[in-house]
Amino acid sequence: MPTSSSSSRTLPNNLHGKFLHITDIHIDPHYQDEATIKSGCHRQAKKHHNKKKRKGKLAGYWGSPTSGCDAPPRLANHVIDWIADGWKEEIDFIVWTGDNARTIPIIPCIGNNDVHPHNQLQETVNILETYSEMWRDFIPADQLPTFRQGGYYAIDVAPGLRVLVLNTLYFYDSNDAVKGCEKRKGPGHDHLEWIRAQLATARRDRARVYMIGHVPPSERTFYSSCLDLYTDVSLEYRDIIGGHMYGHVNMDHFTVLQKENNNNYDCDPTDDDDDDDVQVDLTMLKKSDLRKQYKKVRENEPAVVIHVAPPILPVYNPGFRINEYNTDPSSADFGVWIKYTQYYSDLNEYNNKHRPELEPPQFQIEYATDEEPYNMKDLSAESWVDLAKRMTQKGSKKSKHLWKTFKKNMFVQT
Ligand SMILES: [Zn+2]
């Protein structure tokens, strides 16, 4: 286990206070531009003469937002290059929350589509051996045995700043190879014990901890025993946890976990949302459910806030997130998450260029948490609970506008 102690913490002069969060790349090597959407962007349309008219209904050069197609390799390569060009010198580390299927740094974790058959990961499987080889450069040597056995590891990204990389497939109820977290010596139970031990060590070391994983904890995705235990341990160590960062769901949003799960999305037909939800898959949450959850959040109770970043894969538009944290080594707030800026690219704009191959997508700021309309002073759990409340005030114009903006950002401006 890597150790560090704040008493001997010296300021590493190369810290910039920024880290990148990217997720769900989903490259399709068989992607073809101008293929039909119906064919999963794999086969050209039969009638070629009508192509011009059908532009926009066929697979785009840079990808096809809202089509259900995976990403063309050129998009993934371009995004990585674009980020590297602009940010390489300014970011301290990258958290990459799964469904990677491509190998670049830095702190990768396993997604449900990184195993085959997808979602299915048994307790001891060769695939972890394979990943431990592939990610050998990213996983600390002393963590390799842990990773080989469980697919999770801990890494110090700076003195006093630690990332716990979780293997959520052991909590995921679509993984038939595990059955919840109660059973002693089961992989889910063992994983939670490991999390608890790591957090205890981190508190002793006075380290700030970020928890990252692929499938976000929720009632739709986790076995309920796993969700309860995850919530418990996260609440117990909330003083040292900087954030919970996830992917998989493909929508930009956060959820709130509280004791005695208020996180159940029971249906209240009188409290419906104003427009239709876009259904992408069964694990997808509906925004009306999310709004209900925000309404129900109990303000004066401790909360665990789970963050889901939107993917590079253009389910909607592709995006990535630049996070900022406190780098003052003398401060008790060292490592605390302060803000993030969400970037995106309007892919159709670039698909519709006359020569899209000559004008690759540029990324622009979609929103920043400390700016209008969010105006968050920091990214503590309390600030997110406050935002949830501000977005769901009955009869308030300001609240309505805030929720509208949030929804637009949830679907990355599509
Ligand atoms: Zn996934």
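The questions below concern helix packing and a sheet in this predicted model.

Me: Why is α5 called roughly parallel to α6?
Reply: The axes of α5 (residues 187-205) and α6 (residues 224-236) cross at roughly 5 degrees. Angles under 35 degrees count as roughly parallel. Therefore α5 is roughly parallel to α6. The two axes come within 11 Å.

Me: Which residues make the contact of α5 with α6?
Reply: From α5 come Gly188, Leu192, Ile195, Arg196 and Leu199. From α6 come Cys226, Leu229, Tyr230 and Val233. By class, seven are nonpolar, one is polar and one is charged.

Me: What makes β4 and β8 edge strands?
Reply: The open sheet has six strands in the order β4-β5-β6-β7-β9-β8, with mixed pairing. β4 (153-158) and β8 (253-257) each pair on one side only. Neighbouring strands are turned by 25 degrees against each other on average, direction ignored.

Me: How do you know that β7 and β9 pair?
Reply: Pairing needs at least two bridges. β7 (residues 241-246) and β9 (residues 304-308) have three, in the parallel sense. So they count as paired. His244 has Ile306 in β9 as its bridge partner.

Me: How does the direction of α5 relate to that of β5?
Reply: The angle is about 180 degrees. Over 145 counts as roughly antiparallel, so that label applies. α5 packs on the sheet and touches β4, β5 (161-165) and β6 (208-212).

Terms used. Residues numbered from 1 in each chain as written. Predicted model: local features only at pLDDT ≥ 70, side-chain atom pairs only at ≥ 80, totals over all residues. Axes fitted to C-alpha atoms, helices over the stretch in contact; angles between N-to-C directions. Helix = DSSP H or I, 4+ residues; strand = E, 2+ residues; numbered from the N terminus. Parallel < 35°, antiparallel > 145°, perpendicular 65-115°, else oblique. Contact = placed C-beta atoms within 7 Å. Nonpolar A, V, L, I, M, F, W, Y, C, P; charged D, E, K, R; others polar.
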